[in-house]
Amino acid sequence: MGALCINIPKQLLPVVGNEPIISRIVRQLFDTKDIEDVCVVTNERFTPAFLAWRENEPMRERIRILNDHTTSNADRLGANGDLRLALDTLDVQDDFCVVLGDNFLDFSFGTIADKFAEVKSTVVVTVKPENREDLRGYAVAQFASDGLVHSLVEKPDPLPPDAVWGAIGLYFYPAKAREWLSQFLSENPGADQPGRFPAWLVGRQSVYAVKAPGAFTDIGTPEAYAELRKRMNQSKMSGVMEP
């Protein structure tokens, strides 16, 4: 994200008004049935910023900021390493949900949680990009009509000719996935892309896909962020009527 994120993490950038992206995600999580607490994993540099953000959150008593004590790309744990750190530090024994903090998800998580409750197994959320070539940046998912995934490949090259759906950074996992994650990381040290863990699960455990019930934006570039902020604030203003 360049200069935008020199002194502030992407997750604390505002999208609608002055509300940071992460505040919206946290609200979506707490609006989802059975989600009781939220843990935000960050690095040494940005821990103070997230602690300050937490103090202004109405649900701050249910939000934990976890410092992974990394200071550079050379020692970072990656998404899956940070997930294991959170699960082990908090000794999580229940089902859990994972959300990447630099994604803007313009939908409720309710229907996804309902699917998870139905299948009682890992659930990934998928989107169909307008530009098929964009799938190269996703974990490409192929699944049956009931959602059962039979193939999930992180950033495939070459792109499969029948590729249509890509998994985004929103996952629901059963409690036993904590053990599976440890096994995955022992077999794949340094596998930091979040899509690689559910991809590894396919063929070992049942994994289901749900089509995202609304819009998704990856805020990976300054241009994508600027366009999203413009669109969302125009949408907000369009609902205001002067007497």
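1. His69 lies in the loop between β4 (63-67) and α3, where helices (H or I, at least four residues) and strands (E, at least two) are DSSP runs numbered from the N terminus. The model is predicted: local features need pLDDT of at least 70 and side-chain atom pairs count only at pLDDT 80 or more, while totals for chains, interfaces and linings use all residues. Residues are numbered from 1 along each chain as its sequence is written, and side-chain values use heavy atoms, with hydrogens and water left out.

2. The backbone of His69 deserves attention: its phi is near 60°, a positive value in a residue other than glycine. At 55% relative accessibility, His69 counts as exposed; buried means under 20% relative accessible area, exposed over 50%, and partly exposed in between (1.4 Å probe, protein chains only). Most residues other than glycine have a negative phi, and most peptide bonds are trans.

3. With 45% relative accessibility, Lys155 counts as partly exposed. Pro158 is also placed between β9 (149-154) and β10, and the peptide bond that joins Asp157 to Pro158 is cis, with omega near 5°.

4. Helix α4 (residues 110-119) has Ile112, Ala113, Lys115, Phe116 and Val119 as buried residues. These residues are on the same side of α4, because they cover an arc of only 155° around the axis; the arc is that of the directions from the helix axis to the C-beta atoms. Asp114 and Glu118, on the other side of α4, are exposed. Among the elements that cover the buried residues of α4 are β7 (122-127), β10 (165-173) and β11 (207-211), contact meaning heavy atoms within 4.5 Å. After α4 comes Lys120, with a positive phi near 55°.

5. In helix α5, the buried residues are Ala177, Arg178, Trp180, Leu181, Phe184 and Leu185. Seen down the axis of α5, they fall within an arc of 155°, so they line one face of the helix. Glu179 and Ser186 are exposed on the face turned away from the buried side of α5. The cover over the buried residues of α5 includes α3, β5 (96-99), β7, β10 and α6.

6. The structure holds ten aromatic pairs. The pair of Phe184 and Trp200 is tilted, because the ring centres are 5.6 Å apart and the planes are at 55°. This pair links distant parts of the chain, with Phe184 in helix α5 (residues 177-187) and Trp200 in helix α6 (residues 196-201), 16 residues apart. For such pairs, rings of Phe, Tyr and Trp (its six-membered ring) must have centres within 6.5 Å; planes under 30 degrees apart count as stacked, over 60 as edge-to-face and the rest as tilted. Both Phe184 and Trp200 are buried. One aromatic cluster is formed by Phe96, Tyr171, Tyr173, Phe184, Phe197 and Trp200.

7. The count of cavities of 30 Å³ or more comes to one. A cavity is a set of points on a 1 Å grid over the protein atoms alone where a 1.4 Å probe fits but cannot get out, and its lining residues have an atom within 4 Å of a point. Grid points are joined across faces, edges and corners, and a volume is the space filled by probe spheres set on the points. The largest cavity holds about 30 Å³ of space. Its lining consists of Arg84, Leu87, Asp88, Arg178, Leu181 and Ser182, and the elements that give two or more residues to this lining are α3 (78-89) and α5. By class, the lining has two nonpolar, one polar and three charged residues. Here Ala, Val, Leu, Ile, Met, Phe, Trp, Tyr, Cys and Pro count as nonpolar, Asp, Glu, Lys and Arg as charged, and the others, Gly among them, as polar.

8. Two individual residues complete the note. Thr47 is in helix α2 (residues 47-55) and counts as buried at 10% relative accessibility. Not counting residues up to four places away in sequence, Thr47 touches Thr42 and Asn67. Gln193 is in the loop between α5 and α6 and counts as partly exposed at 27% relative accessibility. Under the same exclusion of residues up to four places away in sequence, Gln193 touches Asn80 and Glu154.

Definitions and conventions: On a 1 Å grid over the protein atoms alone, a cavity is a set of points where a 1.4 Å probe fits but cannot get out, and a pocket is an open set with protein on both sides within 12 Å along at least five of seven lines; lining residues have an atom within 4 Å of a point.
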